[in-house]
Amino acid sequence: MIRCGVVVVAAGRGTRMGTSESKQFLQLRGKPILVYTLELFQRMPLVESIVLVTGADEIARCEAYVRDYSLAKVCAVVAGGSERQHSVRIGMDKLPAGIDVAAVHDGVRPFVTEAEAERCLHKGYEAGGAVLAVPVKDTIKVVGSSGRIESTPDRKSLWAVQTPQAFRLDLLREAHRQAERDGFVGTDDAMLLERLGHEVYVVEGAYTNIKITTPDDLIWAERLLQQQMERTDRS
Ligand SMILES: Nc1ccn([C@@H]2O[C@H](COP(=O)(O)OP(=O)(O)OP(=O)(O)O)[C@@H](O)[C@H]2O)c(=O)n1
Ligand SMILES: C[C@](O)(CO)[C@H](O)COP(=O)(O)O
C-alpha cells in the first residue's frame, strides 16, 4: 500500500480576487472554500496525511477549522512563504516520515473529485510525477511586449495544468532543493522536476476543477457547488 500525503497550499493573499478576506476563506453556502478542499482529501482512503500551509496570521483560524470540521488527517498547520513554491517546500518538509508520494494542491481548487485526485496520485507514484490537466479549448498565442503576436503553438499539444500535482516524495524534495540552490521560482511544482530532466505526465482531469482566482470565478463556484449538491441528493 503506497503511503500518500497531501500538501494543501493556502498562504496566498488573493490579490486578484480584490477582497479584504483572502479568497481561500471566502464562504460558499456558509463554509470556507478551503474547508471544501480539505474535506475532499479527508474523505479519500488513499490519503494518510494532510499538511495545510496558510498565512502566519491565519494558523489559529485554520486550526479551529480542523477541529470544527473533524479534519483528522491534517497533521500540521504551518505558515507559508512569500511565493507559492516556498509554501510548498515548507509544507513538504512537514510531511510524516515514510510518505511515498506527495500531492500538492491549491487550497482554492475545491472542485477536484476524489477519482481525479486518486488517478493523479497513482500516476505520480508509478511515473515519478503527474499533474491533472485539461486540453486547451482556446487558441493560445505567444505575444511580445509590443502586443504583436509572435507565434501560435499547435493547440493539439497544449494542456491547461491544474492541481493536484503528485510526485514521488524523493523526487519532489530533490527538485525543490535544486530550485532553491539555483534561485529558480516556477509557477508550478512540475516545472521543478522538468528542469532536472525528470518525466512528468498529464492525467486528464475536468474543466470543473477551477482555481478560484478572480471575482467571476465565484459565480462559477456557486453553480458548481449547486450541481455537486444536486448530484449528492440524487445519489
Ligand atoms: N505565497 C503563496 C502564494 C500562493 N499560495 C497558494 O497557492 C494557491 C494558488 O495560488 P494563487 O491562486 O495565485 O493564490 P494567490 O497568490 O493568493 O492569488 P493572487 O496571485 O491573486 O494574489 C492558492 O491556494 C494560494 O493560497 C501559497 O500557499 N503561498
Ligand atoms: C499550480 C497552478 O495552479 C497550476 O495551474 C498555477 O500555476 C498556480 O498559479 P498561481 O499564480 O500561483 O495561482
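Is Arg3 buried, exposed or partly exposed, and at what relative accessibility? Arg3 counts as partly exposed because its relative accessibility is 32%, where buried means under 20% relative accessible area, exposed over 50% and partly exposed in between (1.4 Å probe, protein chains only).

This is a predicted model, in which local features need pLDDT of at least 70 and side-chain atom pairs count only at pLDDT 80 or more, while totals for chains, interfaces and linings use all residues. Residues are numbered from 1 along each chain as its sequence is written, chains are lettered from A and ligands numbered from 1 in the order in which they are written, and side-chain values use heavy atoms, with hydrogens and water left out.

**Stop 1**

Helices (H or I, at least four residues) and strands (E, at least two) are DSSP runs, numbered from the N terminus. Glu48 is partly exposed, at 31% relative accessibility. In total, the structure holds 13 salt bridges.

**Stop 2: strand S4 and its neighbours**

Seven of its eight residues are buried, so the strand is described as mostly covered. Next, show S1, which runs parallel to S4 and is joined to it by seven bridges; two strands pair if DSSP finds at least two bridges between them. On this side, Val6 stands opposite Ile50 in S4. Then select strand S5 (residues 74–79), which pairs with S4 in the parallel sense over five bridges. Here Leu52 is placed opposite Val77 in S5. When inspecting these strands, recall that side chains in a regular strand alternate between the two faces of the sheet.

**Stop 3: the aromatic cluster**

Select Phe25, Tyr65 and Tyr69, which form one aromatic cluster. Rings of Phe, Tyr and Trp (its six-membered ring) pair if their centres lie within 6.5 Å; planes under 30 degrees apart count as stacked, over 60 as edge-to-face and the rest as tilted. By this rule there are two aromatic pairs. Phe25 and Tyr65 make a tilted pair, 6.3 Å centre to centre with 40° between the planes. Because Phe25 lies in the loop between strand S1 (4–10) and strand S2 (27–28) and Tyr65 in helix H2 (residues 59–68), the pair ties together parts that are 40 residues apart in sequence. The rings of Tyr65 and Tyr69 have centres 6.3 Å apart and planes at 65°, so this pair is edge-to-face.

Phe25 is buried at 1% relative accessibility, and Tyr65 is buried at 11%, whereas Tyr69 is partly exposed at 27%.

**Stop 4: charges over rings**

A charge sits over a ring if NZ of Lys or CZ of Arg is within 6 Å of the ring centre and within 35 degrees of the ring normal. Then move to Tyr36: the charged end of Lys31 sits over its ring, 4.7 Å from the centre.

**Stop 5: helices H3 and H5**

Select Asp189 and Arg84, whose salt bridge has its closest N and O atoms 3.1 Å apart. Asp189 is in the loop between helix H5 (169–182) and helix H6 (190–194), and Arg84 is in helix H3 (residues 84–92), so that the bridge links parts of the chain 105 residues apart. Asp189 is buried, with a relative accessible area of 1%, while Arg84 is partly exposed, at 27%.

Glu180 lies in helix H5 and Arg89 in helix H3, so the pair ties together parts that are 91 residues apart in sequence. Glu180 is partly exposed, with a relative accessible area of 48%. To finish this stop, select Arg84, Asp106, Arg109 and Asp189, which are joined into one network by salt bridges that share partners.

Definitions and conventions:
Salt bridge = Lys/Arg side-chain N within 4 Å of Asp/Glu carboxyl O.
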